[in-house]
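Please look over the model below. My notes follow it.

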Amino acid sequence: MISLQYPLDGLSELQLDKPLSIAIGHFDGVHRGHQNVIRRAVEEAKAAGQLSAVMTFDPHPKEVLGQGDQYYRCLTPLNVKTKLFAELGVDLVFVMSFDLSFASITPERFVDEVLRGLRAKQVVVGFDFTFGSKGAGNAEELKRLGSPDIDVHIVEPLYENEGKVSSTWVRESLEKGDLETASLLLDRAYEITGTVVHGDGRGRTIGFPTANIDFDYPYVSPRLGVYAVVAWLDGRPYPGVLNHGMKPTFNKEGVQPVMEAHLFDFNRDIYGEKIRIEFRSFVRTEKKFSSVDELIKQIGRDSDQVREQFSN
């Protein structure tokens with residue numbers, strides 16, 4: 001992973017021994033549509049004896065440009081994106097710092113100073129790619145500016161059930177609790193990582209100890225409710241149920257939502273440890289119960305349902 005900032009200085013120090021075939025995009029989610037763009041860059045690199053690369057941006061361009069506060073929350077943080085890029089066969093990842101200076105460059109300067117500066121010989125982008133100040137350049141303009149020394153490949157959209165696979169669709173699916181669609185678009189389970197922290201300790205007193213999670217990143221939050229999850233600790237999976245909500249049986253209004261996971265057949269002190277949560281299915285919406293006994297019975301029913309799900 002190579003960090004870049006515009007204007008690019010010290011490119012000669014990179015000492016790249018081959019020209020590049022590079023996929024460009026923010027790629028939040030690295031969903032199946034993104035994967036098609038990245039795989040195309042890898043395939044073109046192999047065919048031409050080049051290095052395959054991805055250029056991504058941090059933070060999200062729309063966050064910097066004030067085009068939506070929701071982009072502060074990510075589907076896939078940078079360290080996970082780079083891992084997924086590697087699994088797709090990418091040799092190099094360039095992380096371009098997206099600031100107002102970079103946002104203001106013309107399409108011509110992006111091609112001349114950035115792409116030619118990196119020795120890009122092939123560039124792969126999605127059909128809706130825009131670049132340069134105020135998105136003045138599009139994929140066809142990139143083709144024109146790249147000629148004759150940079151070949152530009154434009155990847156057409158991927159459709160699923162007549163809908164275009166996109167990060168927006170993934171976000172909307174999570175907000176609805178539609179994990180089946182989110183997983184289909186991502187080609188994997190949606191996940192978050194964090195640290196296990198102390199909560200109010202109430203779960204242990206009612207027979208369902210929980211791991212309260214402090215997120216590592218500002219993730220896109222799924223719908224409030226109860227989920228079947230798999231928690232990963234020290235490389236081992238542990239099935240369980242997770243409540244994402246306000247704990248209305250105990251709390252008054254105005255509190256922030258929390259995530260707490262009850263792991264089946266697990267009894268170990270994991271405070272301060274890293275945990276990764278894979279969301280497998282939505283079980284039910286969060287409810288307020290008239291008594292703690294009713295809550296205990298419902299958690300028991302939720303646990304039985306999820307155990308059965310994982311056993312099939």
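1. Basis. This is a predicted model, in which local features need pLDDT of at least 70 and side-chain atom pairs pLDDT 80 or more, while totals for chains, interfaces and linings use all residues. Numbering runs from 1 along each chain as its sequence is written, and side-chain values use heavy atoms, without hydrogens or water.

2. Glutamine 50. This residue sits in the loop between α1 (32-48) and β3 (51-58); helices (H or I, at least four residues) and strands (E, at least two) are DSSP runs, numbered from the N terminus. Glutamine 50 counts as buried because its relative accessibility is 15% (buried is under 20% relative accessible area, with a 1.4 Å probe and protein chains only). Its side chain makes a polar contact of 2.9 Å with that of glutamine 122 (N or O atoms within 3.5 Å, one able to donate a hydrogen and the other to accept it; residues adjacent in sequence count only if both atoms are side-chain atoms).

3. Strand β14. Of the 10 residues in β14 (236-245), 7 are buried. β14 pairs antiparallel with β13 (residues 225-233) over 9 bridges (pairing needs at least two DSSP bridges). Proline 237 in β14 is the bridge partner of tryptophan 232. The hairpin of β13 and β14 has 2 residues between the strands, and aspartate 234 there takes a positive phi near 55°.

4. The other neighbour. β14 also runs antiparallel to β15 (residues 258-263), joined by 6 bridges. Here leucine 242 stands opposite alanine 261 of β15.

Conventions:
Buried < 20%, exposed > 50% of the residue type's maximum accessible area, 1.4 Å probe, protein only.
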